[in-house]
Amino acid sequence: MLARLPFRILALLLFAICAAMLAFGLYLQHAKGIEPCPMCIMQRYALAACGLIGLLAGLHDPGRRGVSVYGAFLAVAAIAGLGVAARQSWMQWFPPAVSECGPGLEYMLESFPLASSLPMIFRGAGDCSVVDWTFLHLTIANWSFLVFAAILDSLATYLLRRKKSAF
């Protein structure tokens with residue numbers, strides 16, 4: 001079904017999905033108090049990149065060559081997010097003896113001046129191996145992995161369908 005939609009619609013749909021996921025992440029952070037870890041922040045960057053690529057592609061409505069260029073950028077961003085989500089999922093299944101993600105938010109604010117703490121806060125403060133939230137027995141990192149995999153699968157399906165229709 002989705003493979004039959006025009007590229008512009010798919011790109012804008014990608015933007016809407018990424019924006020909704022980022023909004024949900026911010027809801028979990030600010031309303032539920034779940035602090036993002038550095039890996040969560042990197043996944044947010046990758047998701048924001050995928051969403052922005054979708055927005056630009058949807059507004060631009062590129063031709064065949066442009067679709068390939070946007071597709072390449074989208075694949076790079078999604079593969080980066082997929083890799084980080086896979087690593088974090090692995091860390092959650094097999095937690096390391098010592099946290100690899102850095103100090104907590106409270107420790108940073110108490111130990112460093114605010115000017116030094118701000119960049120560290122932006123990088124995230126939670127422990128990457130801790131499971132703070134699940135839905136259907138999947139963690140945030142697991143869901144993130146599935147979303148990046150779905151983005152890559154949808155992109156490949158679209159590009160293969162487009163290639164077949166060119167012949």
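Analyst: Helix H1 has 24 residues, and its first and last C-alpha atoms lie 34 Å apart, close to the 34 Å expected at 1.5 Å a residue. The expected span is 1.5 Å times one less than the number of residues. Helices are DSSP runs of H or I with at least four residues, strands are runs of E with at least two, and both are numbered from the N terminus. This is a predicted model: local features need pLDDT of at least 70, side-chain atom pairs count only at pLDDT 80 or more, and totals for chains, interfaces and linings use all residues. Residues are numbered from 1 along each chain as its sequence is written, and side-chain values use heavy atoms, with hydrogens and water left out.

User: How do you know that the span of helix H2 agrees with expectation?

Analyst: Helix H2 (residues 38-60) has 23 residues, which should span 33 Å at 1.5 Å a residue; the end C-alpha atoms are 33 Å apart, so the two values agree. After H2 comes Asp61, with a positive phi near 50°.

User: Which elements make up the protein as a whole?

Analyst: The protein has six helices and two strands, in the order α-α-α-α-α-β-β-α from the N terminus.

User: Why is Tyr70 called buried?

Analyst: Tyr70, in helix H3, has a relative accessible area of 17%. Buried means under 20%, exposed over 50% and partly exposed in between, with a 1.4 Å probe and protein chains only; Tyr70 is therefore buried. Leaving out residues up to four places away in sequence, Tyr70 touches Phe7, Ile53, Leu56, Ala57, His60 and Pro62, where contact means heavy atoms within 4.5 Å. Tyr70 and Ile53 are 17 residues apart in sequence, with C-alpha atoms 6.8 Å apart.

User: What makes Ser89 and Ile41 buried?

Analyst: Ser89 has 3% relative accessibility and therefore counts as buried. Ser89 lies in helix H3 and, leaving aside neighbours within four places in sequence, is in contact with Ala141 and Asn142. Ile41, in helix H2, has a relative accessible area of 10% and is therefore buried too. The C-alpha atoms of Ile41 and Val84 are 10.0 Å apart, although 43 residues separate them along the chain. Of the 167 residues of the protein, 37% count as buried.

User: Why is Trp90 called partly exposed?

Analyst: The relative accessible area of Trp90 is 47%, so Trp90 is partly exposed. Trp90 belongs to helix H3 (residues 64-93).

User: What makes the pair of Phe7 and Tyr158 tilted?

Analyst: The structure holds two aromatic pairs. One of them, Phe7 with Tyr158, has 5.5 Å centre to centre and 45° between the planes. Rings of Phe, Tyr and Trp (its six-membered ring) pair if their centres lie within 6.5 Å; planes under 30 degrees apart count as stacked, over 60 as edge-to-face and the rest as tilted, so an angle of 45° makes this pair tilted. The pair links distant parts of the chain, with Phe7 in helix H1 (residues 7-30) and Tyr158 in helix H6 (residues 140-166), 151 residues apart. Both Phe7 and Tyr158 are buried.

User: Which residues of H1 are buried?

Analyst: The buried residues in H1 are Phe7, Leu10, Ala11, Leu14, Cys18, Gly25, Leu28 and Gln29. An α-helix has 3.6 residues a turn, so residues three or four places apart point the same way.
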